[in-house]
Amino acid sequence: MRNTARWAATLALTATAVCGPLTGTALAATDSLYAPSALVLTTGHGDSAATATPARAVTLTCAPTSSGTHPAAALACAELRGVGGDFDALEPRDDVMCTKEYDPVVVTVDGVWQGRRVSYERTFANECVKSSLGSSLFTF
C-alpha cells in the first residue's frame, strides 16, 4: 500500500507540474519557444524508492522561467542547465565534509527535461552526502 500511495502522489505532482501551465490562455500557445521542463523531486529515508516513504516532494519548472515549490528554483535550474540535464554529471562540492554514517537517503526525479521524459533515482549514504551533490538541486 505504501508504494501505491507513493506512486499516486508522484503521479499527481508530475501531472500538476507538467499540465498546470497548459491551463487557461497558455493552452492556446502551442508554438512555444521553449521545450517543457517540469520535474517532481522526492526524498525519503531508505535504500530504494520502492521501500522508502517519501518525506518531502517539490516541483521544479525551468522553462520559460524558473518556478515551482523548490526552495531555490532558479539555482537548481541553472545547475541542471550546466550539466545538460544529466543528473549523473552533478559533482560533489569540495567544501563539504561528511561523516561516514550510514543512514540512506533516496532521491527520485520524474518529469520532463527540455521535452524528453526523465526518471532518476539515487541512494545517498546520508543526508550530508545528498546535500553535497551540486549546489542546490537536492537541497530541499
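Residues are numbered from 1 along each chain as its sequence is written, and side-chain values rest on heavy atoms, with hydrogens and water left out. In this predicted model, local features need pLDDT of at least 70 and side-chain atom pairs count only at pLDDT 80 or more, whereas totals for chains, interfaces and linings use all residues.

**View 1. Strand E1 and its partners E2 and E3.** Strand E1, residues 38-45, has seven of its eight residues buried, where buried means under 20% relative accessible area with a 1.4 Å probe and protein chains only; strands are DSSP runs of E with at least two residues, numbered from the N terminus. Eight bridges join E1 to the antiparallel strand E2, residues 53-61, and Leu41 stands opposite Val58 of E2. Eight bridges also join E1 to the antiparallel strand E3, residues 105-113, in which Asp110 is the bridge partner of Val40. Two strands count as paired if DSSP finds at least two bridges between them.

**View 2. The aromatic pair of Phe87 and Tyr120.** Rings of Phe, Tyr and Trp (its six-membered ring) pair if their centres lie within 6.5 Å, and planes under 30 degrees apart count as stacked; by this rule there are three aromatic pairs. Phe87 and Tyr120 form a stacked pair, 4.9 Å centre to centre with 25 degrees between the planes. Both Phe87 and Tyr120 are buried, and ring pairs link Phe87, Tyr120, Phe124 and Phe138 into a cluster.

**View 3. Lys130 over the face of Phe140.** Lys130 lies 5.4 Å from the ring centre of Phe140, and a charge sits over a ring if NZ of Lys or CZ of Arg is within 6 Å of the ring centre and within 35 degrees of the ring normal.

Key. Buried < 20%, exposed > 50% of the residue type's maximum accessible area, 1.4 Å probe, protein only. Helix = DSSP H or I, 4+ residues; strand = E, 2+ residues; numbered from the N terminus. Phe/Tyr/Trp six-rings, centres within 6.5 Å; stacked < 30°, edge-to-face > 60°.
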